[in-house]
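Please look through the structure shown here, beginning with the whole chain and moving on to single places within it.

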Amino acid sequence: MIEKIISIIIILILAYILNLILEKLINKLIDKKNNKNLKTTLIFFKKVKSVIIFSLGVTLCLSKFEMFKSLSVTLLSAVGILTTILGLAAKESLGNLFGSISILFSHPFEVGDRVKIIEKDISGTVLEVSMRHTIILGYNNQRYIIPNSILNTLTIENSDYTESETCLFADYGISYESDIDKAIAIIKKELNKFEKPNIKNIEYPKVRVYKWESSSIILRAWVWGKDIFQSYDNLYKLNYNLKKEFDKNNIEIPYNHLNVIMEDDKDKK
């Protein structure tokens with residue numbers, strides 16, 4: 001009997017210590033996180049884990065007594081069967097739940113991050129992360145609601161993951177008769193009007209001969225910005241300025257021409 005009592009005390013102490021460790025860990029994560037969605041998830045697990053830990057502890061304590069051994073085994077079996085039934089019945093919900101847990105601990109993005117989902121061609125700002133889904137606010141004010149179980153299988157491009165500075169490629173075609181060195185110098189001059197990126201050991205401004213087309217030479221420019229929005233803004237400004245500068249400096253931008261031949265009745269005869 002004394003051995004059983006000691007075993008019960010040890011089980012309860014271990015359950016208490018485990019619960020305390022998890023409590024402190026979850027509280028630390030809650031304090032660290034700033035968005036309410038992930039806090040809600042953590043608070044949910046904070047409540048659930050105490051019930052699970054102490055239920056298992058009480059069941060193990062009861063199993064120490066012969067009269068409760070069969071009952072404890074029955075309870076554990078019932079819990080296992082019930083868990084299996086619930087798992088099958090709510091497979092999708094559990095997938096989303098574990099998906100939210102994965103997002104919580106792996107930190108692929110946070111609320112407020114600007115992301116692009118490659119496979120779905122969805123771009124926008126993370127608006128909300130719940131226990132079932134993630135809401136992304138599109139740049140045209142659309143709301144994309146994506147289940148977390150699906151989101152975890154997709155490729156996410158996060159502009160704010162480490163550094164928010166973003167680079168875009170801009171391609172410009174000039175004719176073979178145009179002065180290529182002058183065209184590159186003009187593009188670099190216009191790029192220098194923008195803010196230089198803070199990344200170390202980076203070439204700026206950067207322009208390269210990208211490829212040769214049938215009627216044009218393609219020049220590629222690296223357009224930087226402090227974030228994705230500024231990068232696009234700089235790109236639009238560069239497009240506008242280069243058209244004016246190319247016209248001033250006789251840099252021809254090739255485009256399709258249509259020749260129309262008119263015939264009168266005399267020509268036909």
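The secondary structure of the protein comprises 8 helices and 8 strands, where helices (H or I, at least four residues) and strands (E, at least two) are DSSP runs, numbered from the N terminus. This is a predicted model, in which local features need pLDDT of at least 70 and side-chain atom pairs count only at pLDDT 80 or more, while totals for chains, interfaces and linings use all residues. Residues are numbered from 1 along each chain as its sequence is written, and side-chain values use heavy atoms, with hydrogens and water left out.

Of the 269 residues of the protein, 33% count as buried; here buried means under 20% relative accessible area, exposed means over 50%, and partly exposed lies in between (1.4 Å probe, protein chains only). The protein exposes about 18,000 Å², and carbon and sulfur atoms supply 60% of that area; accessible areas come from the Shrake-Rupley method with a 1.4 Å probe, and for residues only the protein chains shown count as cover. Among contacts between residues at least 6 apart in sequence, 61% join residues at least 24 apart, a contact being heavy atoms within 4.5 Å.

Asn19 is buried, with a relative accessible area of 12%, whereas Leu22, with a relative accessible area of 28%, is partly exposed. Leaving out residues up to four places away in sequence, Asn19 touches Lys49, Ser50, Ile53 and Phe54, and on the same terms Leu22 touches Lys49 and Ile53. The C-alpha atoms of Asn19 and Ser50 are 6.2 Å apart in space, although these residues are 31 apart in sequence. For Leu22 and Lys49, which are 27 residues apart along the chain, the C-alpha separation is 8.1 Å.

Most residues other than glycine have a negative phi, and most peptide bonds are trans. The phi of Asp121, in contrast, is near 55°, a positive value in a residue other than glycine.

Strand β3 (residues 133–138) includes His133, which counts as buried at 18% relative accessibility. Apart from residues up to four places away in sequence, His133 touches Glu128, Ile145, Ile146, Pro147 and Asn148. Gln142 is placed in the loop between β3 and β4 (143–147) and is partly exposed, with a relative accessible area of 30%. Once its neighbours within four places in sequence are set aside, Gln142 is in contact with Ile136 and Leu137. Gln142 and Gly124 are 18 residues apart in sequence, and their C-alpha atoms are 8.8 Å apart in space.

Next comes a pair of helices. Two packed helices are described by the angle between their axes and the distance between the axes. The axes of α6 (residues 180–191) and α7 (residues 228–248) come within 10 Å and cross at roughly 140°; such axes are lines fitted to C-alpha atoms, for helices over the stretch in contact, and angles run from 0 to 180 degrees between N-to-C directions. The two helices are therefore oblique to each other, since angles under 35 degrees count as roughly parallel, over 145 as roughly antiparallel, 65 to 115 as roughly perpendicular and the rest as oblique. On the α6 side, Ala183, Ile186, Ile187, Lys189, Glu190 and Leu191 meet Leu238, Asn241, Leu242, Glu245 and Phe246 of α7. The residues of this contact divide into 7 nonpolar, 1 polar and 3 charged, where Ala, Val, Leu, Ile, Met, Phe, Trp, Tyr, Cys and Pro count as nonpolar, Asp, Glu, Lys and Arg as charged, and the others, Gly among them, as polar.

Lys189, whose place is in α6, is partly exposed, with a relative accessible area of 42%. Lys189 and Pro205 are 16 residues apart in sequence and 8.2 Å apart in space, C-alpha to C-alpha. Pro205 lies in the loop between α6 and β7 (207–212), and a cis peptide bond with omega of about -5° joins Tyr204 and Pro205. Asn250 lies in the loop between α7 and α8 (265–268); its phi is near 60°, a positive value in a residue other than glycine, and with a relative accessible area of 67% Asn250 is exposed.
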